[in-house]
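Reader: Please pick one part of this model and go through it slowly. I would like to know what surrounds it, and then how the rest of the chain is arranged.

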Amino acid sequence: MPHVNRHLSTISSAVWSMKVAFASSDYHHVDQHFGATPRLVIYGVKQHEVTLLHVVDFNVQYGHQEDKLACRIDALEDCVTLYCVAIGDTVFRQLLQVGVRAVRVPVDTPIALLLQQIQQFWADTEQRVVRRQRDPDRFARLIAEREWSEGDDRL
């Protein structure tokens, strides 16, 4: 029996800075274990934009079948993060090997909230970079000061 029941892709010509996936049964909340999820919802994220890119529906099969997990891992192509309520250690390591970081969140965490947090972290990081770069000549001025020298024995 095939593992993918349906794969919906939206039309998007944009290049996405980040793709993130959510294990969800209702399209709105993270509420599933990665290995048993009936659906992966994949969004493209930029600093000021979020777009639904893919929805992959799976035939739910219980138990540990290698091809079932391989199908789910393949669905995460180009994603950097997967949000789920649980994931096995072996699969967690398999995802790391293909460049996907799995993040466990409490059941029923809203996907919209997680997307907002990603964008907020993005904005905070950019502000820290701007603050660090605000005075590029400050080190040159410190070096040029007369009182300071490499051989100063007063320290």
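Author: The part to look at is the largest pocket, which is lined by 13 residues. A pocket is an open set of points on a 1 Å grid over the protein atoms alone, where a 1.4 Å probe fits, with protein on both sides within 12 Å along at least five of seven lines; lining residues have an atom within 4 Å of a point. Nearest the centre of the pocket lie M18, Y83, R101, I118 and F121.

The model is predicted, with local features needing pLDDT of at least 70 and side-chain atom pairs 80 or more, while totals for chains, interfaces and linings use all residues. Numbering starts from 1 along each chain, and side-chain values use heavy atoms, without hydrogens or water.

Three elements, β6, β7 (101-104) and α3, each give two or more residues to the lining of the largest pocket. Helix α3 supplies the largest share, with six residues. Helices (H or I, at least four residues) and strands (E, at least two) are DSSP runs, numbered from the N terminus. By kind, the lining of the largest pocket holds nine nonpolar residues, three polar ones and one charged one.

Helix α3 spans residues 111-132 and includes A112. A112 counts as partly exposed because its relative accessibility is 49%; buried means under 20%, exposed over 50%, and partly exposed in between (1.4 Å probe, protein chains only). A112 and V50 are 62 residues apart along the chain, yet their C-alpha atoms are separated by 9.7 Å.

M18, one of the residues nearest the centre of the pocket, falls within strand β2, which covers residues 18-23. Strand β2 is mostly covered, with five of its six residues buried. Three bridges join β2 to β6 (residues 81-84), and these two strands run parallel. Two strands pair if DSSP finds at least two bridges between them. In this pairing, A21 stands opposite L82 of β6. Strand β2 also pairs with β4 (residues 39-46), this time in the antiparallel sense and over six bridges. There the bridge partner of A21 is I42.

From β4 the pairing goes on to β5 (residues 49-58), which β4 meets through eight bridges in an antiparallel run. One of the facing pairs is R39 with D57 in β5. A hairpin of two residues links β4 to β5. V50, mentioned above with A112, belongs to the stretch of β5.

Two loop residues deserve a note. Most residues other than glycine have a negative phi. D78 has a positive phi of about 70 degrees without being a glycine. The place of D78 is the loop between α1 (66-75) and β6, and D78 counts as exposed because its relative accessibility is 53%. D108, likewise not a glycine, also has a positive phi of about 70 degrees. D108 lies in the loop between β7 and β8 (109-110), and it is partly exposed, with a relative accessible area of 46%.

Last, the whole chain. It holds four helices and eight strands, in the order β-β-β-β-β-α-β-α-β-β-α-α along the sequence. Of its 155 residues, 35% count as buried.

Key: Ala, Val, Leu, Ile, Met, Phe, Trp, Tyr, Cys and Pro count as nonpolar, Asp, Glu, Lys and Arg as charged, and the others, Gly among them, as polar.
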